[in-house]
Structure formats: C-alpha cells, structure tokens
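Subject: Structure for you to look at

Dear colleague,

Here is the structure I said I would pass on. My notes on it follow below the files.

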Amino acid sequence: MAYFRKTNLFLASFGILLWTGEAAGFCASVFETQQDHTLLGHVMQTVYVTDEFECHRKCIQNNTCKSFNVHPPRSNPIKKTCEMNNQTRQMKPKHYKKKIGSSYHGPVEVSCVNIMETNNQQKEGRCQPEYSGRQCTAVKKGSSPDFPAVSCKDIWKYTNAQKSGDYWIDPKGTGHPFKAYCDMTTDGGGWLLVMNVITGSPHYDQLSVVTSYRGISDYHSNKMVITTSAMKELYGDLHFKQMRFHCRKHSVGRTFHVVTAANSSGNAVVQYFSGLTDGFPDSCGSYVTMKDDDSELSKRCSEWNHGKSGKWSRTDKHWNYSVERLYNHAAWIPGPHHWDLKHRNPFECDDMGYPPSSGDFWKVFVR
C-alpha cells in the first residue's frame, strides 16, 4: 500500500469526498456517503456541526478518525451530531446498520494513480469493489453486487438513473444483495417491481408465490406473485411510501393503472397490503390515476368491495386473508370489474371472465 498523508484539502462532488495527499504520484482515498446508515459501537468522539463538511474536516484533523456518522438535529434545531469513528464499515461490516435520517461517511481506498497513468497497480487493473476500469472510476449504485443500493428509489435518488431494468439491491444491508427490476421512468422513477404476471409464458396460470421478498428476483418467470407476509418483511426494511397497481387485458381493451395517493388514505392502502393493518382501506381518495388508465374500476371507487362500501380488497379470512391480499381481488366491483389472479380462471383485469391473450399483464410496484 502506498504511503498516504492527510492534508486539510478536500473536494466534494456528487456526494463523494476526497482526502488528498502526496506520495509517488497522486494518491487519494475516496470518501463514500451512505444515506440512512450508520456505524455502531466505534465512536471515539462526538461533536456538533452545522453540516457534513464540517464533520469531515474535524475527522481529517484527528489522526485516529477513520470514518464518521452524521445524525439529524435533536435538541438543537441547527446543529447536527457528528460521530467520529475509529473503524470503517469495511472493517466492521456487522456493525454497519440502517438508520433512517442519518448518514455514514467512510473511505474506500483507491490504489495510487499518478496523472500520467504510470502506476503499476492501475496498469494491473486492481480496484476496490466500488471502482473499476483503468482509473478505478466509481461504479454506480446498484450496477454491481459489490456495490448494491438499498432500493430502486435509492438508485434513482443518488445516481439519477433513467434506464429501467435489473439492478442490485440489499434492503437490509446484510451483504447478500439480489437482482430486482427497477422502473426508472414511470411517474418519476424509483419503482421496485414486487409482483409480475404476464400471460403467454409457459404455464403462466401456475403462479410462483414469493414468501420472502428476496424471491422478487424471480420476476423473469412472468408468473410471480407476493404474499402478504413477504410484503410485510419488505416494508420492515424499506418503509416504502407508495404502491402502484398496473394491469392490462387486451381482450377487454382497458388498462387499470393507479398509484396510492400521498395522503392518509393512500398510506392506509400501503399499510393494509403490507400486512400492518387488517381493516379494508377506503378506495375513494386513496389513489391517483396514471395517464394510460381507462378502467371502470378507477372511475367507480364508491362501488368497490361489497357493492357500495368503497373499500379495497375482498381477501377476508375465507379468501386466505393473511396471504393473498395483492393478487386475490385486491380491487373489485361485484360482478363486472375485478383485479384477480387467484379466485377465477382466467385472470381478470377490469373484467369478469374474458379470456386472456398473450401479453396481458398484472404488476405491482413499491417506492
């Protein structure tokens, strides 16, 4: 490892902080920022600061400081809490925990690279997991299992990703990431796909039931549905705020596409389908329609559930209440208009009993 000397110079760019020093060429240790996380049990000094940059300067000035946590203001509405650590998340991975509102800042050491690209380590292509290429440039969050994101929203927020597709996430921060599908374009992006059924695939009617949220990586099967308990597990790690329901059935010629509203009614829907509450949430006022929605369901919210009750879901104890909330009559008007992947055959999207055609789909996203 090349010699590295701390100086008081630091740079800030896109949430990355650099400690710079002089050695044989140009050496740097890149300071990563991990939002909603903290390193526990290794605090050597606590001070109060106005922002992360002040905390970073204080850490630089302390020879034993290896990383730091920043916590939001508590008693003092202006000052944040700066905790200087004598360890890093790489040194103590089991002590690196999720904490909403806080942020962890620590170095990811990069091999010395001089300006003329003559450093031997650079030529040999040896980089830390978060970096790649001849100059060990940063790998974007979620693009590698070595540098996963917490969620699709996390990727969208910190990398400005605009391409939908596979990304690596690790909601619990366990060090065991998995691939999931992120929709980065609809309604601002940042959506995690948790249920995906597309007709036309082999044996699509034989649903693949996900009982732990890690199973959502099976979305490629095009027959993936998720249980209420798996949704509860996911909510416990992500605390997502919104859900999006999207289905299309070509033989009917209509699309049901709604997003839960950013209000108490919308939150009640999220809580219900995540298994945190049992009372059927009100339908009217709980969602907003997307541009492609032309369903009867979205227009007639007061008729949902038992005729005129205006409630989401029908999955009571007689309909496997604790398991099938998202795919067994999540939304329905008795008789003509159902969202259903379980009780009836064929599957229904704003219809009752029309045969499916290839490419019909039912999807649920969270953000």
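The largest nonpolar core has 59 residues, and those with the most contacts inside it are Leu192, Met243, Phe245, Phe256 and Trp339. Strand β12 (residues 191–198) gives this core its largest share, six residues. Please keep in mind that this is a predicted model. A second, separate core has ten residues, among them Phe31, Cys55, Cys59 and Val70. As background, nonpolar side chains in soluble globular proteins tend to be buried together.

Leaving aside neighbours within four places in sequence, Met243 is in contact with Trp191, Met231, Val258, Val259, Thr260, Val269, Val270, Phe273, Leu326, Val364, Phe365 and Val366. Just after α4, His239 has a positive phi of about 50°.

On the aromatic side, a search of the whole structure gives 16 aromatic pairs. Phe245 and Trp312 have ring centres 5.0 Å apart and planes at 40°; the pair is therefore tilted, since that angle falls between the limits of 30 and 60 degrees. Phe245 belongs to strand β15 (residues 243–249), while Trp312 is in the loop between α6 (296–299) and β18 (331–333), so this pair ties together parts 67 residues apart in sequence. Both Phe245 and Trp312 are buried.

Trp312 has another ring partner in Phe273. Here the centres are 5.6 Å apart and the planes stand at 80°, so the pair is edge-to-face. Phe273 lies in helix α5 (residues 264–273) and Trp312 in the loop between α6 and β18, so the pair ties together parts that are 39 residues apart in sequence. Phe273 counts as buried because its relative accessibility is 1%, and Trp312 is buried with a relative accessible area of 0%. Ring pairs join Phe245, Phe256, Tyr272, Phe273, Phe280, Tyr287, Trp304, Trp312 and Trp339 into a cluster.

Two arginines lie over rings. Arg325 is over the face of Tyr272, at 4.3 Å from the ring centre; Tyr272 is itself a member of the cluster. The charged end of Arg89 sits over the ring of Tyr96, 5.4 Å from its centre.

Next, a sheet. Three strands form an open sheet in the order β18-β19-β20, with antiparallel pairing. Its edge strands are β18 and β20 (348–351), each of which pairs on one side only. Neighbouring strands of this sheet are turned by 20° against each other on average, direction ignored. β18 pairs with strand β19 (residues 337–340) in the antiparallel sense over three bridges, and His337 in β19 is the bridge partner of Ile333.

The last item is Ser208, in strand β13 (residues 208–210). Is Ser208 buried or partly exposed? Its relative accessibility is 21%, so Ser208 counts as partly exposed; the limit for buried is under 20%. Ser208 and Met224 are 16 residues apart in sequence, yet their C-alpha atoms are 4.7 Å apart in space. Beyond its neighbours within four places in sequence, Ser208 is in contact with Asp218, Ser221, Lys223, Met224 and Val225.

Regards

Methods. Residues are numbered from 1 along each chain as its sequence is written. This is a predicted model: local features need pLDDT of at least 70, side-chain atom pairs count only at pLDDT 80 or more; totals for chains, interfaces and linings use all residues. Side-chain values use heavy atoms; hydrogens and water are left out. Rings of Phe, Tyr and Trp (its six-membered ring) pair if their centres lie within 6.5 Å; planes under 30 degrees apart count as stacked, over 60 as edge-to-face and the rest as tilted. Helices (H or I, at least four residues) and strands (E, at least two) are DSSP runs, numbered from the N terminus. Buried means under 20% relative accessible area, exposed over 50%, partly exposed in between (1.4 Å probe, protein chains only). A charge sits over a ring if NZ of Lys or CZ of Arg is within 6 Å of the ring centre and within 35 degrees of the ring normal. Contact means heavy atoms within 4.5 Å. Two strands pair if DSSP finds at least two bridges between them. Axes are lines fitted to C-alpha atoms, for helices over the stretch in contact, and angles run from 0 to 180 degrees between N-to-C directions. A nonpolar core is a set of buried Ala, Val, Leu, Ile, Met, Phe, Trp, Tyr and Cys residues joined through side-chain atoms within 4.5 Å.
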